[in-house]
Structure formats: C-alpha cells, structure tokens
Amino acid sequence: MDYEFYEREGHLQVPRKHVERIVGEDQEEREHRLRAWIGNQRSRAATLTPEQMEQLSAIGMRWT
C-alpha cells in the first residue's frame, strides 16, 4: 500500500468517493479508489500476513 494519503492527511478516514492518484514505477499515473481498497483489506484480514496487519494497524486501520 502506498501511504501517501495517510502521510498527507494523518488518518485513514477516507471519503467514500475519494480517488488517490499514484504514479507507478513505470511512471504511469493510476487512479485508486482508496476507500474500496481499505474495505477489501478489512474483508480479507484473515489472509493478510502478521506484518501487513501490523503495518496497517500502526497507521490507524480499523478492523471492524
């Protein structure tokens, strides 16, 4: 996960329709629906590694 939103805003309270624009390694700009990504991580919590869970928890991920 790119932590740009968290670093910029200081939280993960992402507005429902927010789109994060991120430049990839190939220098192409892509749009990510960050709120959807966060929801997907929550629903897949059982499949995340302990390190992934720890990283997301450290920046304020709510799991419920």
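A contact here means heavy atoms within 4.5 Å. The model is predicted.

**Exercise 1. Fold and contacts**

Task: Work out which order the elements of the protein follow from the N terminus on, and what share of the contacts with a separation of 6 or more comes from residues 24 or more positions apart.

Solution: 
- Step 1. Count the elements: three helices and two strands.
- Step 2. The order is α-β-β-α-α.
- Step 3. The C-alpha trace spans about 30 × 25 × 20 Å along its principal axes.

**Exercise 2. The core**

Task: Find which residues make up the largest nonpolar core, and which residues Val-14 touches, leaving out those up to four places away in sequence.

Solution: 
- Step 1. Start from burial. Of 64 residues, 19% count as buried.
- Step 2. List the core. Its nine residues are Phe-5, Leu-12, Val-14, Leu-34, Ile-38, Leu-48, Leu-56, Ile-59 and Met-61.
- Step 3. Follow Val-14. Beyond four places in sequence, Val-14 touches Phe-5, Leu-34, Arg-35 and Ile-38.
- Step 4. In soluble globular proteins, nonpolar side chains tend to be buried together.

**Exercise 3. Gln-41**

Task: Decide whether Gln-41 is buried or exposed.

Solution: 
- Step 1. Locate the residue. Gln-41 lies in helix 2, residues 34-43.
- Step 2. Apply the cut-off. Buried means under 20% relative accessible area.
- Step 3. Compare. Gln-41 has 11% relative accessibility, so Gln-41 counts as buried.
- Step 4. Name its partners. Beyond four places in sequence, Gln-41 touches Leu-48, Leu-56, Met-61 and Trp-63.

Technical notes. Residues numbered from 1 in each chain as written. Predicted model: local features only at pLDDT ≥ 70, side-chain atom pairs only at ≥ 80, totals over all residues. Heavy atoms only, no water. Helix = DSSP H or I, 4+ residues; strand = E, 2+ residues; numbered from the N terminus. Buried < 20%, exposed > 50% of the residue type's maximum accessible area, 1.4 Å probe, protein only. Core = buried A, V, L, I, M, F, W, Y, C linked by side-chain atoms within 4.5 Å.
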